[in-house]
Amino acid sequence: MMYLHLGADVVVSMKQLVMILDLKTADAAEASRQFIERLPQRMKVTDISDGEPKSLVLTDKEAFFSPISSLTLKRRADLGL
């Protein structure tokens, strides 16, 4: 099974991965802002970014604010790191 390191000591199974959202881009779109605002009502949200999130990683069970850019996470996912 392959895993993706999200930062801090957090890894998720690639099978659980639903979406990686770039927060810079998401901030510009109203629909994305609303999605992020309502997310805690739907699932557990964990901030592992120490207050400086660059991406939102959505799994089938939980969401994570990560300090790692969405591009870096995508590269890790593509490489299976």
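Buried here means under 20% relative accessible area, with exposed over 50% and partly exposed in between (1.4 Å probe, protein chains only). Strands, like helices, are DSSP runs numbered from the N terminus: E over at least two residues for strands, H or I over at least four for helices. Because 5 of the 5 residues of S5 are buried, the strand is largely enclosed by the rest of the structure.

A quick word on what you have open: this is a predicted model, where local features need pLDDT of at least 70 and side-chain atom pairs count only at pLDDT 80 or more, while totals for chains, interfaces and linings use all residues. Residues are numbered from 1 along each chain as its sequence is written, and side-chain values use heavy atoms, leaving out hydrogens and water.

**The sheet around S5**

Now bring up the whole open sheet: 4 strands in the order S3-S5-S6-S4, with mixed pairing. Two strands pair if DSSP finds at least two bridges between them. At the edges sit strand S3 (17-22) and strand S4 (44-47), each pairing on one side only. Neighbouring strands are turned by 15 degrees against each other on average, direction ignored; axes are lines fitted to C-alpha atoms, for helices over the stretch in contact, and angles run from 0 to 180 degrees between N-to-C directions.

Go across it pair by pair:

- S3 and S5 are antiparallel, over 5 bridges; select isoleucine 20 and you'll find valine 57 in S5 opposite.
- S5 and S6 are also antiparallel, over 4 bridges, and form a hairpin with 2 residues between them. Serine 55 faces serine 66 in S6.
- S4 and strand S6 (residues 62-66) run parallel, joined by 4 bridges. Here valine 45 stands opposite alanine 63.

**Helices on the sheet**

First stop, threonine 59 in strand S5. Why does it count as buried? Its relative accessible area is 4%. Show its side chain and find the polar atom that lies 2.7 Å from the backbone oxygen of glutamate 62. Leaving out residues up to four places away in sequence, threonine 59 touches Val12, Gln16, Leu17, Val18, Met43 and Phe64, contact being heavy atoms within 4.5 Å.

Second stop, leucine 23, in helix H1 (residues 23-28). With 15% relative accessibility, leucine 23 is buried too. Which residues does leucine 23 contact, leaving aside neighbours within four places in sequence? Display Ile36, Pro53, Lys54, Ser55, Leu56 and Phe65. For a distance to check in the viewer, go C-alpha to C-alpha from leucine 23 to glutamate 52: 10 Å in space, though 29 residues apart in sequence.

Finish with strand S1 (residues 3-7) and strand S2 (residues 10-13), an antiparallel pair joined by 4 bridges. Leucine 4 stands opposite valine 12 in S2. The two strands form a hairpin with 2 residues between them, and in the turn alanine 8 has a positive phi of about 50 degrees.

Note on methods: A polar contact is a pair of N or O atoms within 3.5 Å; within protein, one must be able to donate a hydrogen and the other to accept it, and residues adjacent in sequence count only if both atoms are side-chain atoms.
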